Amino acid sequence: MKKLRSLAIEQKENAKHGEASFPVQKYITRLSVEYPVVTTHWHEEAELTLITKGACSYQVDLTDYEVKEGDLLFIPPLVLHAISCGVSEEVLSETYVFHMNFLGGNSTDVCSTRYLTPIMNQEISMPCLITRKEPVYDLLRNIFDQITTLYNDAARGYELALKSLLLQVIFLLLPYSEKQTASDVRVSSDKLKQVLDYIEQNYAETISVAELAKLCYFSEYHFMRFFKKHMSMTCVEYINNLRLEKAVELFEQGNTSILEVSLSVGFHNLSYFHRAFKKKYHMTPLAFIRQLK
């Protein structure tokens, strides 16, 4: 059965979107002063998003886009993306995350070989921001509204209709697509993904700047500038942020030993863990555990 979920700052690239037989998931994202960003991440699924309130900045494949209420966004698979809002702005959006295999991306017909598989493999560059000025906007907005109605009502056979509508989205965007070529942005994106993947796999261990710089064949100085430029935070801040998110996951799974959780996510100083946790979530770990109960 499908579920409605909230896509917040903790959303990471290894999250499961929907079910194996129906890999489509709806998310409602709310950004505010308390949670102003969705950190840079990527996943195998594509995204179709409608900004329903406010204005914010999207970074897609290291390119910045200013978006506002009513704008539509299409994020292809495996593309780095992040969201941030202003200091006094509330931003709401509705997102459908879906795997291209649901549309037939893993088949061998002409639709897959000419269009779906190249999109999945980033051989075709798709437009990511569709504003009201674009000729295709009204058609896409109508499709988005139909998707919302179908997903919410979940009438018998709605999966068939959703599949056909998502295929229409691809069809309408294809005339604006381009064949992808190697570029500095692509190289930088691939390096950054490699670094983020390494951090994801090793966050519980001590990670040095030298290790991360070596992955990119950068000097430590160059790497720190590179990371800060594209992530808007230092690598130490990013690692600590990830560790705190992992700690929250453990607390939500029923772990109540603050010391054990702190150690298991890579914080070896309990006092520092307390300070970092309170700064991020505006409460102590103990208060968070009590709130869960």
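Close-up 1. Buried means under 20% relative accessible area, exposed over 50%, and partly exposed in between (1.4 Å probe, protein chains only). Strands (E, at least two residues) and helices (H or I, at least four) are DSSP runs, numbered from the N terminus. This is a predicted model: local features need pLDDT of at least 70, side-chain atom pairs count only at pLDDT 80 or more, and totals for chains, interfaces and linings use all residues. Residues are numbered from 1 along each chain as its sequence is written, and side-chain values use heavy atoms, with hydrogens and water left out. E2 pairs with strand E9 (residues 91-98) in the antiparallel sense, over eight bridges. Strands pair if DSSP finds at least two bridges between them. Leu31 has Val91 as its bridge partner in E9.

**Close-up 2. Lys26 and Glu94 form a salt bridge (3.7 Å, N to O).** Lys26 sits in strand E2 and Glu94 in strand E9, 68 residues apart. Both are buried. A salt bridge puts a side-chain nitrogen of Lys or Arg within 4 Å of a carboxyl oxygen of Asp or Glu.

**Close-up 3. Glu90 and Lys53 form a salt bridge, with closest N and O atoms 2.6 Å apart.** Glu90 lies in the loop between strand E8 (81-85) and E9, and Lys53 in strand E4 (residues 46-53), so the pair ties together parts 37 residues apart in sequence. Arg30, Lys53 and Glu90 are linked in a network of salt bridges.
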